[in-house]
Amino acid sequence: MSENVIQIKNLTKQFKTKFGTLTAVDDVSFDIRRGENFGLVGESGSGKSTIGSMIVGTYGPTSGSITFRDEIDISRSSQSREPSLKQQIQLVFQDPGGSLNPRKTIRQILSVPVQLYAGKRLTTAEVEARIKGILEQVGLPVHYLDKYPRAIGGGEKQLVCVARALAANPQFIVLDEPTSALDVSIQAKITNKLIELQKKNDLSYLFITHNLCLVRNMCDRLAVMYLGSICEYADTAEFFENPRHPYTQMLLASIPVLSDEEERLKPQKIKSIGEIPSPLNKPKGCPFHPRCPFKKDICSQDTPQMREVSPGHFACCHCI
Amino acid sequence: ACGTTDGGGAANTAAPGNTGAPSTSAPAGATVLRGTCTTTPETVDPARGTGENDLMLYVNLYECLVAPNAEDGSPEPQLAERWEASEDGLSYTFQLRQDVTFADGTPLTSKDVKYSFDRMMTMGEGFAYVLKDVLAETVAVDEHTVEFKLSKTFGPFVSALTAFRIVNSALVEANTAAEGMYGDNGDYGTGYLLTHSAGSGPYVISSFTVHDTMVLTKNANYWNGAVPAAAPDTVEIQELTEASTTKMLMSNGDLDFVHGHQDSTTIAALTANDGIEVAELQEAGLNYFMMNTQKAPTDDVHIRRAISYACDYEQMKQILGGAPDANGPVPTNLFGYVDDFEGYSYDLDKAKEEIAASKYASDLANYPIQLDYIEGNGDTGKLVYLMASSLESLGFKVVINETPWVQFCNNEAEIATSPNVTNAFATAGYPEAGSILELKYASWTVGNWNQNEWMQDEKFDSMLNEALGTVDDDARIALYGQMQKYLVEEVVPSVYTCASVIKPIYNANNFEWPAKHATTEYNFYYADYIMK
Amino acid sequence: MTKELKANAAVEQGQNPRIESLKKSWYKFSRNPLSMLGLVVVLAVVFVAVFAPYIVPYPEDAGLTTKIAESFQGPSAIHLAGTDEYGRDVFSRMLIGTRSSLVIGLLVLAISVPLGVILGLVAGYYKGKLISRLIMWVTELFMAIPPLILAMVVCTMFTNGYLFAAIGIAVAWWPWYTRMTYNMVTSLSNELYIVYTELSGVKVLKILLSEMLPNITSSIVTKMSLDMGSIILTASSMSFVGLGVQPPEPSLGAMVSDGIQYLPEFWWLTVMPAIVVVLIVLGFNLLGDGLNDVLSVEEK
Amino acid sequence: MRKTVVAILKKLLHTVILLLVLSFVVFSFIRLIPGDPVKISMGPMTPEETIAQKRSELYFDRALPIQWAHWLKGVITEGDFGESLFTHRNVAEDIKQYLPKSLELVFYCAILILIVGVAVGTISAIFKNSWLDNLIRFISYLGVCTPAYAIGVLLLVFSYTLGIFPIGGMPTIPDNYVRTGMMGLDCLLVGDFALYGQVLKCMVLPCLSLSLGSIAYMARIHRGAMVENINADYIAFAQVAGVSRGKLVMKHLMKPSFIPTLTIYGLQVASLIGNAFIIEVIFRYPGFSQYSLNVIQNKDPYGIVAVTFVFGIIFAVVNALVDIGVAFLDPRIRINTSE
Amino acid sequence: MEKKNLALNIENLSVKYKIYEGILEVIPGLSMHVEQAERVGLIGETGCGKTTVLKSAAAVLQSPPAIVHKDAIEVCGVSVDGKKGLRSVRRNVSMIFQDPSSSLNPTLKISTQMTDILKSQFPGKRKAEYGQMMLDALDSVSMPAPERVLGSYPVQLSGGMRQRVCIAMALMKDTNLMLADEPTTALDVTIEEQILDLLDKLVREKKKSLILVSHALGAIRKITDRVYVMYAGNVVEVGKTKEVFEHPHHPYTIGLMAATPKLTGSGIADGIAGDIPSYINPPKGCRFASRCPRCTQECLEAPPILADMEDGRQVACHHAGEEAAV
Ligand SMILES: Nc1ncnc2c1ncn2[C@@H]1O[C@H](COP(=O)(O)OP(=O)(O)OP(=O)(O)O)[C@@H](O)[C@H]1O
Ligand SMILES: Nc1ncnc2c1ncn2[C@@H]1O[C@H](COP(=O)(O)OP(=O)(O)OP(=O)(O)O)[C@@H](O)[C@H]1O
Ligand SMILES: [Mg+2]
Ligand SMILES: [Mg+2]
């Protein structure tokens, strides 16, 4: 299965703000394969959500392209997309509370995509049956249908969000930090459910998070972003064994871990220093160079290019 | 006195000078008279105002060729020494006094008289309408002789001159703006006269803030002997609409007099205080229910008669604090009033008969009577209520509207917006029956608030023209008499409720009110006041 | 606490969730004595407004009655709030005057709320587009003038009466609803559930009506209740200067202003209707605050 | 900060343009209403020619846009707002006469509202839930619900019976004193403190009647803001970090709490001028609101336009001042608009 | 244990919040202590009452809505009771809050906020002296460009800088006890590490006692000696940090550890289903019962007591020592 679900080429997104142009995503390329769980990691403000938003069509890119299943160009905003495309690409947000309408019961919430994407008029009974089917898939009891979102817990809300995405019967789901608003104990339940559903429904995921440990445990491949650009991009196992980019190393080294065993897996010789600059005044050259312990003169001059350091493992650094 | 009640039509409270604190504008030791009224004049220009409040001001600042006399209001010389009319009644020659000077010391000459009349007739505002079709030309024959050439005979001519005031032409001309709507005459001094006086009267304006305060001070150069020392050195009149404030100021002693149509409760409350008294001044005017002769159902004379019978005259007079009777359309104290017909009395049975005789008898409910009155005009609201409930008991449907003054005027300007009946006080413009008869019933004076009757009666018009054109007094009175009889017995355009009496309240501890003058505004001639 | 439990339990069992949630809100609401006081006052006002002509001692006094002989009687058992200059019973007139206050309030809301909310929804949804700018521009235009002045200007342009007083006030009032709705809709547009429905291709009208509107109704209802008070105050200030309801029909503001000239001797002519105005406004304010508590807490 | 000011000035300009459009709307409206204000202004029996002449002088016989353009030209080139049919003089002069007096009244009210409102609100918040707090809350609730005219009448009667303050009117200011048109200020400028005292004394009642409602409202808002901020983390943090209690309340708590208060304050002050007419009528205060009421009731076209215009400007200026104040208090806004 | 030597001693603390819906019985009866120079961790799910405990210790809990009962809260031997006590307790604790952006006054400059603290700590000094003290304080938290920071408002600083400022401010007071309430949750991993290291260093250097609350279990493990695990207002497990992390006894702790994704990539256990019970009418037995795989009738009826285990650990579970069951 090497067919690409999503292929991103030279994607750039700029926002015009009061204080100038903000390049949220800067010349990013990667692809997501069919049935794959692709992790996108990076610190806050690095542009992860912006990429996700462009894929689902919240807004179009400034430049670059996004291709769906190697053929359909989807680098347009959602308004100009046809319904079938909207159906095939779904989205789950970080904040489960905010993504459910507090004035609607779970049944009403779920019936929207069910009816919208049915392609024909459904009877009430049909809708009901489908809703129940989906609810069962995500493992929520049927009596939840009559509750308002505020009456159920955070984890359950997120399951409803997943159910709502599934109701469209999609091929690809963008998961924008689906668990970071939840407690660890609940996070586990959701991630496991997501993996299970992926297998069952032959789904592909773009899994956006800043928790590297989580990516380690559920993604097939991952990309690390820093200030709008991707700095490293590899298979999960390869990445954790052999991180190449100084930022990824710093990131890994910073992870607080629970056991000595894990401690040993972390790169030892690098320490976190400096502050993350504002994306509004990005450093010239390599965006990471002000914090980089290995920086050379060239780093502050030229923007490094993405290079394949080993098969399937790309990094973007002058020093490799 | 003239055709309008006070401008605001509101209860004429008069504002004292400054009550909050002692006046600082008057020099120490000067006597100050403080009064209020609900609306102060908008200008000091004698060519513009016709309202009671305007006139109260004018009499103190300006003078006329002739003035009404104190006993009966008939004209007597003021600035003119004597006059004579030509045989054909088309020319009047006036000999002016030689000793008159304006407040600034300039002597008054025929030039001033000509200027004043020309100015008024050109501007066309104020009382100009009285002589509009009559006065052809004013000629200054020599320095102290003026000749008026008329285009047609006009019986009340001399009487009418009591409304035409003489201004200081030199002063006004010196202060005329070049640009204005009067061509060569620029603004004709209207700008200057907004806030300045230019007359020969015993007082001059020393400060005038529109709709707020006006301050009058003695004319030091008064030609007719010095203004009596007992008269107030300064008169401050403030505009004050809120009756309660007026009342409190008055009983506090912060106020010397309150002008106008206060309602009876206020008067009662105030006169309970020691020294506070009320003057009763019968105006040359009446309270009318003016019935629209063009609008159903009041276009039917039977309905109008029914309304006349439905009016509880006695109680209404009582409400107004015991006002004298009105008998017919002309005030009883006016030159030309004739009493040779029978008026109406409160008689519901007769009213019912009249209704039965009318074409609306079976259909009263479909012809509601709209009854308007002026907001805040003393006790008139009560009269209207009394009338309305009486009418309702007869089966009419009555809609009452308490209308702000301006709205009232606006409505009356056109037949479409005029109501069936209005209640208001109307007064003569010059002291003669012809004035009020023309103002209220001539077909050419419709569209003014004094005439909600909307009379279009050819017979009446020709009678009126004939009367006004008659120079001989007795003949004219006889004609007036016929008109009154005709109106009361055949046309029935109005209900004549009772005479108009204004009741200024004053503090007798502070000053002494002079002997009564037949013409209302001359009761506010401050030179006659005696301060204590 | 037991009631609370029951309410909770009912929700648990998944009966009609909407009704249950209403019940819960009601329970919360009813526990606040001030809100309940507000509700009681408002209900009483409504009751009085509807039935005043049938319950007052002298219903005829709302009209043209004149009983000059009985004028200016102080409060007594026969005339609870005394009589006025025409000898009419002030108590009866106050109660009947309540009706016009309420009717004007309702009329104003009936005009300004739908207008304001619809415009606000459209402007909010199409934020940044021409239509939105246009709407908000007009809104600002109307908000650039003090409401009372605007209302009076509009009022004097028409003739007097209920409807025109209401139109006058409504002209000054709708922009506030537009702006409020606009603000809420623009912030709702950033809510993820709206973003989601937009992304999934739900029609605009449906988003506005079934996703957004239910989320702003509670704020609008709260504002309406609070506004009732302000509108009644404004209307009474207007009738204080003679705009609006015309005599002989009683209106509270006009009663106060007419009574002022009889101060201080006949104080009841002003004081009594003024108290009624304060009471009505107080009632609506208390109710509004109560609703605000319940509805905004529910939101969280 | 400079950029903030620029932004605010831009907004002001925007408002002025808005108001010009509004004046056009008002013009059209006035032309639409039945009745002829020109005729009414000239007295009952004035002949039609004279009225027509007047109409043409006032541009009332011209097409609306022409009339409006003429008016606009007058306003822009010579500050000429047209002639009032109510006072027969230039509206600009009327404004000059009445507006300063109202502004002065509002100025004193504004000070009163600010000081008393904030003080009462602060006390209420500090003694949250005590009997004092409850009493204050109760009174301010009542205050918010009581119409200004009722308060005015009440004060009038009280003061009448007690005889403490003058119950209406203002002392006459000698003509040679007049500089700004504000009575008190003129007295101060001339140095006549005795008269200034009298002016102040006369202003007490109108000021009180006009402010009490707003004071109550401000107290409520300020209390709310304080109470909300008391729970803020930074207060707890400053408390643990050892900031003294006085500083904590008067500085660390007051400053952020003042932001919402100031916004409401601006609205209140701006609306004071519009709401003042009843008070001005009751207390015989010769101010602009009363004038507005008069021109509105007289349907005086240029008067109404000018009044709406002036109110619009006042609203805009007050709002701009509040914006500046808020930006001054709240660095978040300042920095966000100027970086 | 010699109580006099304790940096903090809380005995049988109970906290209720009165809110619109009713009374939240958040903390039913909690005891904990911190010894001199000891670093203690406090972990638990969102809403389990960690902040509440810290705030009660620092005596800054707002009442109302909080209703506090306790047998004792003593900081360095001084009880918080009475006005005097309160003041001296506050003098003896410093606290860093969860969210650096909300714990600095947004309307005051950093220098103003710091000076106000200094003025109350060291009254009567000259301006320049205060300035120097502030610079020193900022230096001690390795703040880049401290002068610029002093002249800034909080909005002008990044999250990491704000947290440094908070720490500097907390350190200005010479106290024995430092309470750190999730000082790093709002920050990114790389910055989080810097801040934790800094805090660790300072506390060690100055021999302060520390309570660190954190969601990041790794951080707790790195810095603290002893850890309290809380669940729904109760302490469910206490012990040496390393030991608790390696061999958790309480089913909640066990679930928590298992659910945390590991760098080793060994997969994720299924976590703990369900939510914290409502604090309005909390269950009368064990509050964890509804989510507990070991739950028995006993658990539903009586709340377990924190009991000593043979390995020095304390666990509040009716089934303590039955790890096998999970
Ligand atoms: N609509 C927008 N307008 C302007 N700037 C935006 C917009 N959306 C995002 N940004 C900016 O783009 C940058 C990247 O944002 P993005 O949300 O993609 O980051 P992220 O990696 O998802 O961060 P987080 O982990 O905090 O979610 C940020 O600096 C953000 O402020
Ligand atoms: N001021 C308050 N009013 C009402 N309830 C409160 C208040 N503060 C806290 N609570 C409630 O008390 C419970 C415990 O709160 P606390 O803040 O102590 O939890 P926490 O463990 O610090 O959570 P987190 O990890 O989210 O910071 C929560 O359920 C919260 O809703
Ligand atoms: Mg994001
Ligand atoms: Mg917390």
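Let me begin with the annotated part of chain A: an unreviewed UniProt entry places "domain: ABC transporter" on residues 6-252 of chain A, in the numbering used here, and such annotations may be inferred rather than shown by experiment. This is a predicted model, in which local features need pLDDT of at least 70 and side-chain atom pairs count only at pLDDT 80 or more, while totals for chains, interfaces and linings use all residues. Residues are numbered from 1 along each chain as its sequence is written, chains are lettered from A, and side-chain values use heavy atoms, without hydrogens and water.

Residues 6-252 of chain A are 38% helix and 28% strand, and the end C-alpha atoms of this span lie 27 Å apart. Helices (H or I, at least four residues) and strands (E, at least two) are DSSP runs, numbered from the N terminus.

I turn to strand 10 of chain A, residues 229-235. Six of its seven residues are buried, meaning under 20% relative accessible area with a 1.4 Å probe, protein chains only. Strand 10 of chain A pairs (at least two DSSP bridges) with strand 9, residues 221-226, in the antiparallel sense over six bridges. Two residues separate these strands in their hairpin, where L227(A) has a positive phi near 50 degrees. Strand 10 of chain A also pairs with strand 12, residues 313-315, antiparallel over two bridges. E232(A) stands opposite V224(A) and opposite A315(A) in strand 12.

Finally, the nonpolar cores, sets of buried Ala, Val, Leu, Ile, Met, Phe, Trp, Tyr and Cys residues joined through side-chain atoms within 4.5 Å. The largest has 460 residues, with L65(B), L131(B) and F148(B) making the most contacts inside it. Apart from it lies another core of 68 residues, including C231(A).

Key
Buried means under 20% relative accessible area, exposed over 50%, partly exposed in between (1.4 Å probe, protein chains only).
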